[in-house]
Amino acid sequence: MKNKEQLDSQISKLEEKFKDSGQDMSSYLDGLLYQRYLTYWDYIHLDTLLSLQVPKTHFPDEEIFIMYHQITELYFKLILHEQKQLVDDKSQEVSFFIEKTNRINSYYTALISSFSIMIKGMEREQFLRYRMALLPASGFQSAQYRMIEVYATPLENLVHHTERDQFSSKDGIETLFEKIYWKKGATDAVTGEKTLTLKQFEYRYTPRLIRISNQVKENTIYEKYLKLPEERRHNKELIKALKTLDINANVNWPLMHMGSAYRYLAKDKAPIDATGGTNWKEYLPPSFQKVVFFPGLYTKQELNNWGKQWVDHIFNPEKSK
């Protein structure tokens, strides 16, 4: 039990707080009298959370598929939570930059290590059946994943690598957004026709993504790093954290998806189309996309070989020896 002196001190502080905000402390104390005690299940809305899994088929493993993707989106939200703090920070303190980047890496580490649930945790035959009830929905349509990219680096670094050298920060947001790399993964290379998956996604999220792109223009995480005083930019711990983030986001995480795709969609050397009609064999490999958030941290050779060693190690182990 706290003594009277401690209680008097706390009451005094509360009075000052409410006085400064023009509020009546007595009214808030009345509210405390009537307020119910908080429970764990109410605080995290547990009943609602556990009711959000609504399978479209009778296959038991579909519920695993739904829950894992929901967990993934929650981790994406955690990553965005840290990214927004980095973008909004005015201190230019290296310690703050390192702390937030390391937190992001811890979330990616959890995501990457958990992907075995997708690779080994479902029956292949069940997946190949219930996936047909999900058309044209696709993980490609994760808006939070796109937001992570937009917060991390200028849009010119997200232009498809075959056209990247033709664009710069001088080009408008809308122009750059039209050339963003992931659109090619859901567009027919011959006809130029967009898949329904891409059309749905663009209709729902393009205005929001362009708005965010404008909000963080010249203020992405990479640009925040470049604006640091020179001696702070050379901080080895910060550079290591940023490089780790790059590898996690643009090599290790896509490779986990590759492993899952090969497990479920590659059969007898004839790959099965993804649910959204995306060309996953062209879209997922890091060495094909060459998406790099912080290109100035690498040598030309490292950029040329981006993702290649990991792809060789995972899918061509003999070649990587």
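Mentor: Start with burial: buried means under 20% relative accessible area, exposed over 50%, and partly exposed in between (1.4 Å probe, protein chains only). By that rule, 42% of the 321 residues of the chain count as buried. This is a predicted model: local features need pLDDT of at least 70, side-chain atom pairs count only at pLDDT 80 or more, and totals for chains, interfaces and linings use all residues. Residues are numbered from 1 along each chain as its sequence is written, and side-chain values use heavy atoms, with hydrogens and water left out.

Trainee: What makes up the secondary structure of the chain?

Mentor: There are 18 helices and 2 strands. Both are DSSP runs, numbered from the N terminus: helices are H or I with at least four residues, strands are E with at least two.

Trainee: Why is α5 called roughly parallel to α9?

Mentor: Look at the angle. Helix α5 (residues 61-88) and helix α9 (residues 143-152) pack at about 20°, with axes 9 Å apart. Angles under 35 degrees count as roughly parallel, over 145 as roughly antiparallel, 65 to 115 as roughly perpendicular and the rest as oblique. So α5 is roughly parallel to α9. The axes are lines fitted to C-alpha atoms over the stretch in contact, and angles run from 0 to 180 degrees between N-to-C directions.

Trainee: Which residues meet there, and of what kinds?

Mentor: Contact means heavy atoms within 4.5 Å. Among those in α5 are Phe76, Ile79 and Leu80; the α9 side includes Tyr145, Met147 and Ile148. The contact residues divide into 9 nonpolar, 2 polar and 3 charged. Ala, Val, Leu, Ile, Met, Phe, Trp, Tyr, Cys and Pro count as nonpolar, Asp, Glu, Lys and Arg as charged, and the others, Gly among them, as polar.

Trainee: How do you know whether Asp61 is buried or exposed?

Mentor: Asp61, in helix α5, has 11% relative accessibility, so Asp61 counts as buried. A polar atom of its side chain lies 2.7 Å from the backbone nitrogen of Glu123.

Trainee: Is Lys183 buried or exposed, and why?

Mentor: Lys183 has a relative accessible area of 5%, so Lys183 is buried. Lys183 lies in the loop between α10 (173-178) and α11 (196-215).

Trainee: What makes a polar contact between the side chains of Lys183 and Glu202?

Mentor: A polar contact is a pair of N or O atoms within 3.5 Å; within protein, one must be able to donate a hydrogen and the other to accept it, and residues adjacent in sequence count only if both atoms are side-chain atoms. The two side chains make such a contact at 2.8 Å.
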